[in-house]
Amino acid sequence: MKQLTKAEEEIMQTLWQLKKANVKSIIEMLPEPKPAYNTVSTIVRILESKGFVNYEKKGKGHVYFPIVAKESYSNQSINKLVDNYFQGSFKSMVSFFVQKNDVDVKDIEVLLDEINKNKPQ
């Protein structure tokens, strides 16, 4: 799966939220300052060429929808982050965030509970 630019990811976040949308609807959901219609239209077509988005014709326009699940992209992005910055070690990543961001002990306990619940028996 290809990586997305910041602008492409912003459009994908909007499409994941809306499920289906035309360019105008996507723009309405984006924060100020709103990008130009042609800019968003170009990004959506790039997303289509990368295999993230498809469309159906509706009248004279197109309604776009994601064909890559948000969870799939999130998993791939997290794995790439762990591989590139923490030598593939989830433990190193968690340790980094604990040291740098003053993660609360209660948060760590909640994470451990989640890990234990989802651990294969």
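**Reading the labels in a predicted model**

Q: Why does F97 count as partly exposed?
A: The relative accessibility of F97 is 34%. Buried means under 20%, and exposed means over 50%. F97 falls in between, so it counts as partly exposed. The model is predicted, and this value is computed from it.

Q: Why is F96 called partly exposed?
A: F96 has a relative accessible area of 35%.

Q: What makes F96 and F97 an edge-to-face aromatic pair?
A: Their ring centres lie 5.3 Å apart, and the angle between the planes is 80°. A pair needs centres within 6.5 Å, and edge-to-face needs planes over 60 degrees apart. Both conditions hold, so F96 and F97 form an edge-to-face pair.

Q: Which residues do ring pairs link into a cluster?
A: W16, F52 and Y73.

Q: How do you know that the charged end of K20 sits over the ring of F65?
A: The charged end is 5.8 Å from the ring centre. The distance cut-off is within 6 Å, so K20 meets that part of the rule. The rule also asks for a position within 35 degrees of the ring normal. K20 is listed as sitting over the ring of F65.

Q: Why is I43 called buried?
A: The relative accessible area of I43 is 13%. Buried means under 20%, so I43 qualifies. I43 lies in helix 3, residues 37-49.

Q: What does I43 touch, beyond residues up to four places away in sequence?
A: A7, E8 and I11.

Methods:
Residues numbered from 1 in each chain as written. Predicted model: local features only at pLDDT ≥ 70, side-chain atom pairs only at ≥ 80, totals over all residues. Heavy atoms only, no water. Phe/Tyr/Trp six-rings, centres within 6.5 Å; stacked < 30°, edge-to-face > 60°. Buried < 20%, exposed > 50% of the residue type's maximum accessible area, 1.4 Å probe, protein only. Helix = DSSP H or I, 4+ residues; strand = E, 2+ residues; numbered from the N terminus. Contact = heavy atoms within 4.5 Å.
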